[in-house]
Amino acid sequence: MTEVVILGAGLTGLSCAYHFEKNNFFNFKVFEKNDREGGLLKSFKQDGFTFDFTGHLLHISDSYFLSFLDNISKLSNFNLVTRNSGIYIDKKITPYPFQTNLYGLPQNIILDSIYGFINRKKSLRNPKTFNEWVLKYFGSGIGKHFFFPYNKKLFAFDVKKITPSWTGRFVPKTNLKTIIKNAISPKSQNNVGYNNKFYYPKSGGIEYLIKNLKNKIQNKIHKNHNAINIDLINKIIYFENGHKEKYKYLISTIPLNILLKSLTEPANLNLHKSHSKLLCNSVLNFNLGFNVEKLTKKHWIYFPQKEYPFYRIGFWNNVSPTSVQKSCTAIYGEVSYLPEQKTEKQIKNLTEKSINKTLKNLKLKTSNVITKKILHLPHAYVIYNFWREKNLKSLLEKLKDLSIHSTGRYGEWKYSSMQEAVLDGKKVVENMLCKLNFKKQHNRIYRSQKGNENNIKILQ
Ligand SMILES: Cc1cc2nc3c(=O)[nH]c(=O)nc-3n(C[C@H](O)[C@H](O)[C@H](O)COP(=O)(O)OP(=O)(O)OC[C@H]3O[C@@H](n4cnc5c(N)ncnc54)[C@H](O)[C@@H]3O)c2cc1C
């Protein structure tokens with residue numbers, strides 16, 4: 001019997017496979033529903049352009065992840081880029097982040113933002129919603145002009161109905177001195193936030209990383225295997241193509257709601273019922289190639305205002321010059337929506353409207369478009385609703401007790417990056433090797449001198 005089955009060959013699933021093999025453990029199988037590995041890290045070549053599923057840029061804050069990237073595909077094959085991003089407000093582009101770059105904005109926005117910050121609800125204890133969190137740390141003005149409309153668009157959800165527990169490193173905090181200094185000085189403050197620098201492959205799009213990672217993995221990846229039923233009682237996974245696989249432990253990197261929906265479980269458990277409580281949005285990603293030279297030096301621009309259906313437009317040529325034809329420009333646009341609220345026809349209309357608005361904003365015509373690639377991300381941003389806050393932890397624990405480790409961005413139902421996908425894979429493998437008592441067989445695991453459980457480490 002296979003000791004470990006890994007479901008999904010996106011970055012998290014491949015990271016699990018890589019780290020198992022790195023520790024000389026080969027008794028695992030990976031199953032992927034698609035005919036290609038990579039999950040959201042796929043690149044599409046078309047008419048001399050390369051498009052990803054929207055901008056997938058590597059923001060690195062962890063030294064292990066940096067060395068992993070170097071081992072997998074040599075850092076010299078990546079460009080290290082300093083972010084140049086902006087926010088489009090009132091027909092002007094102000095540098096990102098909004099809260100520390102008020103200079104040049106209309107006077108009423110600057111005054112609202114400063115006044116609101118001074119009167120922010122500092123005394124509010126434990127803000128329960130994102131709305132309250134903004135009022136506590138930034139005040140009503142910055143909320144009104146940026147955080148509320150932008151995040152409503154990003155999540156396609158009411159910000160009074162989501163919790164702030166995703167904010168962490170994604171929303172940089174600030175102080176009054178910085179706000180005022182940068183409201184009266186044209187010198188923008190750019191070096192803040194988790195994404196102020198990024199790595200991106202010199203060529204081949206983000207899938208370059210997946211291709212290299214795949215080459216480091218010896219075990220076969222079983223593609224075209226869509227798991228449709230997981231029998232918890234007999235520990236068997238049934239696939240759409242008729243294959244079935246028994247497991248001792250299951251690492252699932254597929255979306256948690258899909259995993260739960262597919263469970264056949266003992267009558268008293270009722271875990272599958274929770275699948276409908278886990279909400280996420282979908283992203284429509286329109287990519288366009290234009291027969292014009294540089295439109296801007298920006299890597300991407302946020303659009304908080306309602307009149308634009310998209311929340312962000314990025315410029316492929318600035319992110320990666322090799323991704324576009326010579327003397328051309330290419331963009332990616334992102335629109336969030338709740339899948340249960342949109343019909344196919346509405347999504348088609350949304351696509352057309354978004355493209356028309358983009359062309360108008362960039363002062364281009366349909367005749368400038370030389371290629372178009374429309375991509376859909378059915379699972380995009382997890383909605384941090386109150387149910388998730390209350391129940392997710394215990395749900396994941398219950399699955400663990402049933403030998404299912406659900407991990408990664410969609411496995412743990414969270415807002416996270418490629419760096420975390422690799423680290424999540426590494427962590428789950430370390431825990432599993434301990435469980436499997438792999439130490440006895442291979443002596444690859446050592447305990448620190450203190451003999452503390454928390455200090456168990458895997459030799460690198
Ligand atoms: C719009 C957007 C922009 C992003 N931008 C960035 C960025 O700039 N930088 C960054 O670091 N991160 C970014 N991310 C996050 C990044 O995409 C994820 O962290 C990462 O791709 C997660 O990888 P994963 O393997 O956990 O999930 P996935 O990539 O979703 O992989 C899951 C795999 O499981 C497979 N699967 C699903 N169901 C089944 C089934 N039933 N049976 C078998 N296989 C199945 C899927 O086909 C897929 O291959 C972005 C995400 C989104 C949505």
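**A quick tour**

Guide: Let's start in the loop between strand S7 (92-95) and helix H3 (107-118), where Pro-97 lies. Keep in mind that this is a predicted model.

Visitor: What kind of peptide bond joins Tyr-96 and Pro-97?
Guide: Most peptide bonds are trans. For Tyr-96 and Pro-97, though, omega is about -5°. The bond joining Tyr-96 and Pro-97 is cis.

Visitor: Is Ala-156 buried or exposed?
Guide: Look in the loop between helix H5 (140-155) and helix H6 (176-184) for Ala-156. Its phi is positive, about 55°, although Ala-156 is not a glycine. A residue needs 20 or more other C-beta atoms within 10 Å to count as buried. Ala-156 has 23 C-beta neighbours inside 10 Å, so Ala-156 is buried.

Visitor: And Asn-270, buried or exposed?
Guide: Asn-270 sits in the loop between strand S13 (263-264) and strand S14 (282-290), and has a positive phi of about 60°. Asn-270 has 10 of them, so Asn-270 is exposed.

Visitor: Which element gives the largest share of the largest nonpolar core?
Guide: That core has 114 residues, and Ala-17 is one of those touching the most other members. The largest share is seven residues, and they come from H13.

Visitor: Which residues come nearest to the ligand?
Guide: The shell around the ligand has 17 nonpolar, 17 polar and four charged residues. Out of the 38 residues there, the nearest are Gly-8, Gly-10, Gly-39, Gly-408 and Ser-417.

How values were computed:
Residues are numbered from 1 along each chain as its sequence is written. This is a predicted model: local features need pLDDT of at least 70, side-chain atom pairs count only at pLDDT 80 or more; totals for chains, interfaces and linings use all residues. A residue is near a molecule or strand if its C-beta atom, placed from the backbone, lies within 6 Å of it. Ala, Val, Leu, Ile, Met, Phe, Trp, Tyr, Cys and Pro count as nonpolar, Asp, Glu, Lys and Arg as charged, and the others, Gly among them, as polar. A nonpolar core is a set of buried Ala, Val, Leu, Ile, Met, Phe, Trp, Tyr and Cys residues joined through C-beta atoms within 7 Å. A residue is buried if 20 or more other C-beta atoms lie within 10 Å of its own, exposed if 12 or fewer, and partly exposed in between; C-beta atoms are placed from the backbone. Helices (H or I, at least four residues) and strands (E, at least two) are DSSP runs, numbered from the N terminus.
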